[in-house]
Amino acid sequence: MRILVTGASGCIGHYISESLIQQTDHELFLMVRNPAKLNLDLTARPGITVIQGDMLNLEPLAALLPTFNIAILTATMWGGPEIFQVNVTQTLALMEALNPDVCQKVFYFSTASVLDRQLNPLPEAGTIGTDYIRSKYQCLHQLETLRIADRIVELFPTLVFGGGGDGKPTSHITGGLGDALKWLWLAKYFDVDGSFHFVHGRDIGLVITHLIQHPETNPGPRLVLGNPALTVQQMLAEMCDFSGQRIYVQLPLRLWLVNILIKVFGLQMAAWDYFCVQYRHFSYDRIINPQSLGLTPYCGSLTDLLRITQAAK
């Protein structure tokens with residue numbers, strides 16, 4: 001099969017590309033803006049082609065797009081004046097250029113932030129979300145108009161960790177883990193109501209490779225990528241256990257108190273940030289991860305993540 005990976009030099013793109021190189025013999029086409037940023041063994045086997053290109057200009061891909069059997073779309077823009085053009089207009093144009101008679105599957109990467117707990121589009125994401133959130137929300141609503149709509153697998157990563165010691169690009173949130181440990185001595189005294197999922201980029205690569213290698217697996221057209229949900233209290237307990245700290249007492253930090261603190265200290269919060277503070281539980285009814293597919297995860301728990309992060313220093 002001929003597989004296209006856009007955004008191959010990004011954190012998720014790196015892990016997916018590496019997994020496909022190591023575990024498959026498919027013909028791979030890796031699209032990147034700067035080939036020098038690829039930290040992959042491109043000589044590991046035949047059938048690996050690097051395409052230097054940009055989502056703003058799909059011309060280098062024009063002749064190739066109708067030939068791909070699978071497209072893995074991880075390329076995204078996080079901000080800037082062209083964010084809607086890249087994340088919506090050009091992404092849809094790329095998918096529209098795929099040949100319905102040839103293309104078997106499209107793995108489109110969005111973000112779990114645009115979904116509610118039942119995996120339905122979250123209205124607030126489309127109205128008060130950041131430009132990035134709104135761009136993903138808008139693209140999601142237009143996928144069903146495409147000729148290949150029935151072959152699109154919508155992927156919604158939760159909090160993505162990865163990069164650092166293994167030479168891959170560091171995800172946006174990975175750098176914040178060290179800061180969280182620094183403030184653990186204070187955070188452990190508060191009882192916070194909230195929950196979330198996280199996933200390591202290497203495990204995303206495992207999941208995508210498995211779904212490609214086992215097309216009979218059909219977990220659904222809308223998949224949230226993440227480990228089982230963690231409450232904030234579970235997170236604090238695991239972090240304290242890992243760092244050798246103890247929790248003696250906790251003060252309940254309820255929403256009404258948070259609102260008072262925001263007003264007292266005059267904190268300026270964007271509408272989306274304030275919504276997230278109120279929403280609190282960014283957890284989902286159905287998730288997919290290596291464990292749910294019968295695979296051994298690289299990072300299946302917070303303790304695993306802390307150990308991996310520490311080893312990377």
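Predicted model: local features only at pLDDT ≥ 70, side-chain atom pairs only at ≥ 80, totals over all residues.

Me: How far apart are the closest N and O atoms of Glu-18 and Lys-168?

Reply: They come to 3.0 Å in that salt bridge. The two residues sit in distant parts of the chain, 150 residues apart. You'll find Glu-18 in helix α1 (residues 11-23), while Lys-168 is in the loop between β7 (159-161) and α5 (174-182).

Me: And is Lys-168 buried or exposed?

Reply: Lys-168 is buried, with a relative accessible area of 5%.

Me: Nice. Stepping back, how many salt bridges does the count come to?

Reply: The count comes to nine. One of them joins Arg-2 to Glu-27, where the closest N and O atoms are 3.3 Å apart.

Me: What is the relative accessible area of Arg-2?

Reply: For Arg-2 the value is 22%, and that makes this residue partly exposed. Glu-27 is partly exposed as well, at 30%.

Me: Okay, another one: which residue does Arg-222 form a salt bridge with?

Reply: That would be Glu-154, with 2.7 Å between the closest N and O atoms. Here again distant parts of the chain are linked: Arg-222 is in strand β11 (residues 222-225) and Glu-154 in strand β6 (residues 152-157), 68 residues apart.

Me: Why does Glu-154 count as buried?

Reply: Because the relative accessible area of Glu-154 is 12%, and buried means under 20%. Arg-222, at 24%, counts as partly exposed.

Me: Changing topic to sheets: what is the strand order in the open sheet of three strands?

Reply: The order is β12-β9-β14, and the pairing is mixed. At the edges are β12 (230-231) and β14 (281-282), each pairing on one side only.

Me: Do β9 and β14 run parallel or antiparallel?

Reply: Parallel: strand β9 (residues 195-196) is joined to β14 by two bridges.

Me: Last one, then: what is the bridge partner of Phe-196 in β14?

Reply: Another phenylalanine, Phe-282.

Key
Residues numbered from 1 in each chain as written. Heavy atoms only, no water. Salt bridge = Lys/Arg side-chain N within 4 Å of Asp/Glu carboxyl O. Buried < 20%, exposed > 50% of the residue type's maximum accessible area, 1.4 Å probe, protein only. Helix = DSSP H or I, 4+ residues; strand = E, 2+ residues; numbered from the N terminus. Pairing = 2+ DSSP bridges.
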